[in-house]
Amino acid sequence: MIKSGKGGGNTRTGLIFEGKTDLATFLSRQPHYSMSGHDVFFDDDKVAEVYKKHDFYKVFLKKLGIDWTQYISKKLLPDDSIFVLLNNKLFIIECKHQEVAGSVDEKLQTCDFKRKQYKKLMAPANIDVEYIYLLDDWFRDPKYKDVLDYIQSVGCDYYFEYIPLTRLGLPVPEELIED
């Protein structure tokens, strides 16, 4: 797999999350995976928890005993988030789709701030945070080179159209691994 989704379709291996559906729905449709509420199971072993928007606060932070108002001044609502138990890491996944020039262009430049805010929230639970954009092909245009370079320079990441679930540290069923 070539870093950040750059490369041809032949580089794709294993289980791939596409931004056309939410992560929980996608996982529930994969072999060996199942969902129960927010819990993600692989062959009956709990491997992760998935949260969207307000459930990140109402369910996940509440379960951890974290009062978000003690750490940040305004809620950030993730498009998708997945807490992977296998690596004790929270991945914030923001899906960005664009058809005409607009405000999404500037929103891409906020990843460093948002990642730091999520890190503040997760510090009491000693959970590491990664921030990933799932971008559509609109952002392959050379005019986005500087902002895409910036995203990686501040410790965030991006992929076009798909994220290999191995990037998140999730298991891939043997039958889906391509050579």
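Q: Leaving aside its neighbours within four places in sequence, which residues is L121 in contact with?
A: This is a predicted model, so everything here is read from predicted coordinates. Skip the residues within four places of L121 in sequence, and the contacts that remain are F56, Y57, L61, I66, W68, Y71 and I72.

Q: Which residues have the most contacts inside the largest nonpolar core?
A: That core has 30 residues. Helix 2 (55-64), strand 6 (89-96) and helix 4 (111-122) are among the elements giving it two or more residues. Apart from it lies another core, of 20 residues, with L23 and L170 among them. Back in the largest one, the residues with the most contacts are F56, F60, L90, L121 and M122.

Q: Are the buried residues of helix 2 on the same side or on opposite sides?
A: Let's take helix 2: its buried residues are F56, Y57, F60 and L61. They cover an arc of only 115° around the axis, so they sit on the same side.

Q: Which exposed residues does helix 2 carry on the face turned away from its buried side?
A: The buried residues of helix 2 pack against strand 4 (45-51), strand 5 (80-84), strand 6 and helix 4. Turn to the face pointing away from that buried side, and you find the exposed K58 and K62.

Q: Is K89 buried or exposed?
A: K89 has its place in strand 6. Beyond residues up to four places away in sequence, K89 touches I82, F83, V84, I127, D128 and E130. Its relative accessible area is 19%, and the cut-off is under 20%, so K89 counts as buried.

How values were computed: Residues are numbered from 1 along each chain as its sequence is written. This is a predicted model: local features need pLDDT of at least 70, side-chain atom pairs count only at pLDDT 80 or more; totals for chains, interfaces and linings use all residues. Side-chain values use heavy atoms; hydrogens and water are left out. A nonpolar core is a set of buried Ala, Val, Leu, Ile, Met, Phe, Trp, Tyr and Cys residues joined through side-chain atoms within 4.5 Å. Buried means under 20% relative accessible area, exposed over 50%, partly exposed in between (1.4 Å probe, protein chains only). Helices (H or I, at least four residues) and strands (E, at least two) are DSSP runs, numbered from the N terminus. Contact means heavy atoms within 4.5 Å. The arc is that of the directions from the helix axis to the C-beta atoms.
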